[in-house]
Amino acid sequence: MKILAIDDQQLVLLPLQKKLEESGFIVNTSTDAREGIDIYDSLKPDLVIVDINMPDMTGIEFIKHIRINKKSSTPIIVLSNNNSSDIIAEAFEFGISDYIKKPICLDNICKRIKRLNIFFQTF
């Protein structure tokens, strides 16, 4: 499974990438959502993990771009310390698959990814 993880904080991306790769996933990362779009286009990931609060382009803007412009149904997990119910609701309206509050538990995120993978393989 190919995963694209986008977060403006390297301190989030580095342990996340390490844990996911140890779990057998192929992981590409970016600290910039605009660069993430280019990686998305070339990688064609099976899953995207994205932060909401990022400079220049927010996670919501990234999600809208993937859903509206790319017309993609790629599963998306949001990682964020933003617990605004309006933001979370907006993300779910654009079809995210899961929302995980930071700080993240790496074992928990791996379990959620495996659950999503099983769910999408049954359809």
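Trainee: Where is the place of Ser-72?

Mentor: Ser-72 lies in the loop between helix H3 (59-69) and strand S4 (76-80). Keep in mind that this is a predicted model.

Trainee: Why is Ser-72 called buried?

Mentor: Its relative accessible area is 14%.

Trainee: What makes the link between the side chains of Ser-72 and Thr-74 a polar contact?

Mentor: The side chains of Ser-72 and Thr-74 are joined at 2.7 Å.

Trainee: Let's turn to the whole chain. How do you know that the radius of gyration agrees with a compact globule?

Mentor: A compact globule of 123 residues would have a radius of gyration near 14 Å, and the protein chain has 13 Å, so the two agree. Along its principal axes, the C-alpha trace spans about 35 × 30 × 30 Å.

Trainee: What pattern does the protein chain follow along the sequence?

Mentor: The pattern reads β-α-β-α-β-α-β-α-β-α, with 5 helices and 5 strands in the chain.

Trainee: How many of the residues count as buried?

Mentor: Of the 123 residues, 45% do. As for the surface, the chain exposes about 6,400 Å², and carbon and sulfur atoms supply 52% of that area.

How values were computed
Residues are numbered from 1 along each chain as its sequence is written. This is a predicted model: local features need pLDDT of at least 70, side-chain atom pairs count only at pLDDT 80 or more; totals for chains, interfaces and linings use all residues. Side-chain values use heavy atoms; hydrogens and water are left out. Helices (H or I, at least four residues) and strands (E, at least two) are DSSP runs, numbered from the N terminus. The radius of gyration is taken over C-alpha atoms; the globule rule is 2.2 Å times the number of residues to the power 0.38. Buried means under 20% relative accessible area, exposed over 50%, partly exposed in between (1.4 Å probe, protein chains only). Accessible areas come from the Shrake-Rupley method with a 1.4 Å probe; for residues, only the protein chains shown count as cover. A polar contact is a pair of N or O atoms within 3.5 Å; within protein, one must be able to donate a hydrogen and the other to accept it, and residues adjacent in sequence count only if both atoms are side-chain atoms.
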